[in-house]
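Open the model in your viewer and follow the stops below in order. Each stop gives a selection and then says what is there.

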Amino acid sequence: MRFDILTLFPSLVLPYFEDSILKRAVTKKKIAVNVHNIRDYSKDKHKKVDDTPYGGGSGMVMACQPLFDAIKAVKRKNKGPVIYLSPAGKRLNQEKVEKLAKLKGMILLCGRYEGIDQRVIDELVDEEISIGDYVLTGGELGALVIMDTVSRLIPGVLGAEESPEEESFSASLDRMLEYPHYTKPEVYKEKNVPAVLLSGDHAEIKKWRLAHCKKPSP
Ligand SMILES: C[S@@+](CC[C@H](N)C(=O)[O-])C[C@H]1O[C@@H](n2cnc3c(N)ncnc32)[C@H](O)[C@@H]1O
């Protein structure tokens, strides 16, 4: 999976891939992460990337030229969809993540300020995705959420002991929330681990676990 991220703040994105599972995914070449600074594409002599909104109002809008040039350059190397992180997008869920994980690549466009000029969306964006009904300062957290959730579904990214198959929202749990987990010790502050989990009876454990899956909040 090839991720290309277009952002004004590459340093917010890169550290996430310098540790843990996603670092391993990069090292094992299961994912490739290419971060592009939109400012590098500005033709303005001061490398300006934004301007005041037509119609008035506060804030700045990310302008067409740097975004058109950046997206077009990246599209030559990545044939996946251009996804703009936006509160106006369709809300991300696990089913969407599963679909995205089947792609060979995607381009993630991170807005800042008041957002981006609508003409960029109309001309070059394939889809808009929101990560929730709230407003972020920028799209970088959204891009990281997509890359994290998608990467862990790519075969070989998680180790066998971390399998994504029986997890919250997975089809094998009927899209329910995963059952509770316990680890050693058996008793902690007078609170016991449920006896069935210590029984070694796998059929009973499975039954208990399924019975303890909860419905996700609507
Ligand atoms: C401050 S926000 C712009 C908010 C915009 N003026 C509005 O009212 O909808 C700046 C950028 O953060 C990103 N963003 C904000 N909220 C988001 C969300 N819920 N999901 C995904 N991206 C979001 C978008 O890329 C957006 O262009």
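In this predicted model, the C-alpha centres of domain 1 and domain 2 lie 38 Å apart. To see the two, colour residues 2-151 as domain 1 and 165-211 as domain 2, the bounds given by the domain assignment.

Next, select helix 3, residues 64-75. Now show the side chains of Pro66, Leu67, Ala70, Ile71 and Val74, the buried residues of helix 3. Turn the view to look down the helix axis: these buried residues fall within an arc of 120°, so they line one face of helix 3. What do the buried residues of helix 3 pack against? Their partners are strand 1 (2-7), strand 2 (32-37), strand 4 (61-62), strand 5, strand 6 and helix 5 (118-124).

The last stop is Leu103, in the loop between helix 4 (94-100) and strand 6 (105-109). Is Leu103 buried or partly exposed? Leu103 is partly exposed, because 13 other C-beta atoms lie within 10 Å, whereas a buried residue has 20 or more. Leaving out residues up to four places away in sequence, Leu103 touches Met1 and Gly80. Draw a C-alpha to C-alpha distance from Leu103 to Leu136: they are 26 Å apart in space and 33 residues apart in sequence.

Technical notes
Residues are numbered from 1 along each chain as its sequence is written. This is a predicted model: local features need pLDDT of at least 70, side-chain atom pairs count only at pLDDT 80 or more; totals for chains, interfaces and linings use all residues. Helices (H or I, at least four residues) and strands (E, at least two) are DSSP runs, numbered from the N terminus. A residue is buried if 20 or more other C-beta atoms lie within 10 Å of its own, exposed if 12 or fewer, and partly exposed in between; C-beta atoms are placed from the backbone. Two residues are in contact if their C-beta atoms, placed from the backbone, lie within 7 Å. Domain bounds come from an automatic or database domain assignment. The expected span of a helix is 1.5 Å times one less than its number of residues. The arc is that of the directions from the helix axis to the C-beta atoms.
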